[in-house]
Amino acid sequence: MTNVAFVALACGLIIGLGAIGACIGIAIMGGKYLEASARQPELINTLQTKMFLLAGLIDAAFLIGVGIALLFAFANPFVG
């Protein structure tokens, strides 16, 4: 296989595993938010703010991976 094929596989793995990780992270965080808000309803506003902040950070980590995969796909530094 050539370097281009390996780069295509790497891009697919970066995007695929990043998406799976982000989905699992947001799902666990959402479940814990529901548990915490059911236990202490007076803290819902504070917890909601923190949950949305963390959801944005989790998505940002995934989008950085997508950006790196696009860099490798279109401006490949490994093609000689």
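Let's start with one residue. Ala19 is found in helix 1. Helices here are DSSP runs of H or I with at least four residues, strands are runs of E with at least two, and both are numbered from the N terminus. This is a predicted model, where local features need pLDDT of at least 70 and side-chain atom pairs count only at pLDDT 80 or more, while totals for chains, interfaces and linings use all residues. Residues are numbered from 1 along each chain as its sequence is written, and side-chain values use heavy atoms, with hydrogens and water left out.

Back to Ala19. Its relative accessibility is 26%, so it counts as partly exposed. The cut-offs: buried is under 20% relative accessible area, exposed is over 50%, and partly exposed is in between, with a 1.4 Å probe and protein chains only. Which residue lies 46 positions from Ala19 in sequence, yet 9.2 Å away in space? That is Gly65, C-alpha to C-alpha.

Next, the overall picture. The protein has two helices and zero strands. Its radius of gyration is 18 Å, well over the 12 Å that the globule rule gives for 80 residues, so the protein is more spread out than a compact globule. That radius is taken over C-alpha atoms, and the rule is 2.2 Å times the number of residues to the power 0.38. Along the principal axes, the C-alpha atoms fill a box of roughly 60 × 20 × 10 Å.

How much of the protein is buried? Buried residues make up 15% of the 80. The accessible surface comes to about 5700 Å², and 76% of that belongs to carbon and sulfur atoms. Areas come from the Shrake-Rupley method with a 1.4 Å probe; for residues, only the protein chains shown count as cover.

Now contacts, meaning heavy atoms within 4.5 Å.

On to helix 2, residues 44-74. Ile44 lies in this helix. Ile44 is partly exposed, at 31% relative accessible area. Leaving out residues up to four places away in sequence, Ile44 touches Tyr33 and Ser37. Leu34 is ten residues from Ile44 in sequence and 9.3 Å from it in space, C-alpha to C-alpha.

Val66 is also found in helix 2. Is Val66 buried or exposed? Buried, with a relative accessible area of 18%. Between Val66 and Phe6 there are 17 Å, C-alpha to C-alpha, and the two are 60 residues apart in sequence.

Now the surface. Leu13, Leu17, Ile20, Ile24 and Ile28 make a nonpolar patch of about 510 Å². Patch residues have over 30% relative accessible area and no salt bridge; like charges are joined within 9 Å, nonpolar side chains (Val, Leu, Ile, Met, Phe, Trp, Tyr) within 5 Å. A salt bridge is a side-chain nitrogen of Lys or Arg within 4 Å of a carboxyl oxygen of Asp or Glu. Leu13 sits in helix 1, residues 3-39. Leu13 is exposed, at 53%.

Cys11 is in no disulfide, and the nearest cysteine sulfur, that of Cys23, is 19 Å away. Cys11 counts as buried, at 9% relative accessibility, whereas Cys23 is exposed, at 52%.

How values were computed:
A disulfide is a pair of cysteine sulfur atoms within 2.5 Å.
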